[in-house]
Protein chains: 2
Amino acid sequence: MAATRRVGTQTSGTRDLLLDCAERLMVEEGYASVTYRKVAAKAGVTSGLVQYYFPAIDDLFVAGIRRANERNLRQLTEALEARPDDPKRVLWEYSRDEAATSVMLEFMALGNHRKSIRSEIADATNRVREVQLAALTSYWREHGNGEDPSPAAMLFLMTGLPKMIQLEEGFGILAAHEEIVALVERYLDSGAWGTDRGNQPNVKAPTKRPRSRPKG
Amino acid sequence: MAATRRVGTQTSGTRDLLLDCAERLMVEEGYASVTYRKVAAKAGVTSGLVQYYFPAIDDLFVAGIRRANERNLRQLTEALEARPDDPKRVLWEYSRDEAATSVMLEFMALGNHRKSIRSEIADATNRVREVQLAALTSYWREHGNGEDPSPAAMLFLMTGLPKMIQLEEGFGILAAHEEIVALVERYLDSGAWGTDRGNQPNVKAPTKRPRSRPKG
DNA sequence: GTCTATACGGCGATAGAC
DNA sequence: GTCTATCGCCGTATAGAC
């Protein structure tokens, strides 16, 4: 509601500038440093002006989540289209991107007790999930063998495990993360869950995961 | 360091009272409501007195994490001793406890940008993990068949999946949570990962998971 | 050792001046 | 559209009463 509000001209460069500054502050110092006063200082304006565009501080976060999610959706779609032969590997690698996950975890932490942010994250996640599930499902219809986990379960594993691993690693929690990763990658390489073709592990992709997805 | 500080007599009832009030505030309203002034009001003392026992607000959280972790460790040990025939099921059910997980997630959110809290959580988690891994490992030595995931990997799955599920559910993220749960429980019932005995799914435990572990 | 009183700067939010 | 002034709450520091 308030989140949808758009103050100023639609072409307002100021608004985008403020979002850029807020996003950089968030990445560099965490959400606790995203305050009206600090965003204003970074953008070279007064804090009142920031409040003009984002009447409540959560409006700023919600707008940031939306913008970042649009970026992610675009990138995900491209990655899926570029590699239609193995969507589950695409999702696994997509979810293992560190920058994007750390920002998502940051937002989740922030949303833990801020209703408007929490539901914005749910919406964003569900939109991404829709695309992911569609890709897995259509692949499953052609190649699935009826015994393995369903597309929805596969999706949870391919996207949930990397997030859990990164969450724990960020805290310094010891766990068999490398072993889990190796386990999944062996599974992906085996071509399981879609067995009518050999499913070579990599046509051209290296064995290393990407590390450079934009941080939003 | 500052966290180790102990002001007042060791038997100070005031200190424990303050920790109780802080914990209740945390559960009822979230960590954002755990402030010197609110804890003091709840305990019927001045905020200065709270500061006397916990010079920085994070000291209060750290002390709370420690106390809660001791409770959890005690309960986990009892549960493992009561059911030595299937430690992985004990860990699965232990990790599916909602109250304990939600408080842990609360602390993780809090620790996301508070160094002293983050490392206290890591310590607490690793201490619990040590006990869990020891139980799984000794079971694995007697019953394992050498092909399935290692004890450490099994531990990550049995404890990590429930946390991920609860994290997502708390946000309203749609995912195949029920299917994953069913999948794991079918796996547990099958007696896999320790196949020399039939491993009846339940000797006396009901199929429902516990819901009442103390919230720390 | 325990506890109170007070002050300071930073925060989100609001009302209103230009 | 832009910016200022002000409010109440926050964590923290300190001085001192009992």
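Me: What is a polar contact, and how many residue pairs make one across the interface of chain B and chain A?
Reply: A polar contact is a pair of N or O atoms within 3.5 Å; within protein, one must be able to donate a hydrogen and the other to accept it. This is a predicted model. Across the interface of chain B and chain A, eight residue pairs are in polar contact, both partners at pLDDT 80 or more. Salt bridges between chain B and chain A number zero.

Me: Which helices of chain B supply the side that touches chain A?
Reply: α6 (98-111), α7 (115-143), α8 (151-171) and α9 (177-189) of chain B each supply at least two residues. α8(B) gives the most, with 13 residues. By class, this side of chain B has 22 nonpolar, 11 polar and seven charged residues.

Me: How is the size of an interface given?
Reply: Often as the accessible area lost when the parts come together. Here chain B and chain A bury about 3,400 Å² between them. Carbon and sulfur atoms account for 72% of that. B:Phe156, B:Met164 and B:Phe171 supply 22% of the area that chain B buries against chain A, more than any other three residues.

Me: What describes two packed helices?
Reply: The angle between their axes and the distance between the axes. Take α5 (residues 87-95) and α7 (residues 115-143) of chain A: the angle is about 150°, and the axes are 9 Å apart.

Me: Are α5(A) and α7(A) roughly parallel or roughly antiparallel?
Reply: Angles over 145 degrees count as roughly antiparallel, so α5(A) and α7(A) are roughly antiparallel to each other. Residues making the contact include A:Leu91 and A:Tyr94 of α5(A), and A:Leu136 and A:Tyr139 of α7(A). By class, the contact has seven nonpolar, one polar and one charged residues.

Methods
Residues numbered from 1 in each chain as written. Chains lettered and ligands numbered in written order. Predicted model: local features only at pLDDT ≥ 70, side-chain atom pairs only at ≥ 80, totals over all residues. Heavy atoms only, no water. Buried area = accessible area lost by both parts, 1.4 Å probe. Salt bridge = Lys/Arg side-chain N within 4 Å of Asp/Glu carboxyl O. Polar contact = N/O pair within 3.5 Å; in protein donor to acceptor, adjacent residues only side chain to side chain. Helix = DSSP H or I, 4+ residues; strand = E, 2+ residues; numbered from the N terminus. Nonpolar A, V, L, I, M, F, W, Y, C, P; charged D, E, K, R; others polar. Axes fitted to C-alpha atoms, helices over the stretch in contact; angles between N-to-C directions. Parallel < 35°, antiparallel > 145°, perpendicular 65-115°, else oblique. Contact = heavy atoms within 4.5 Å.
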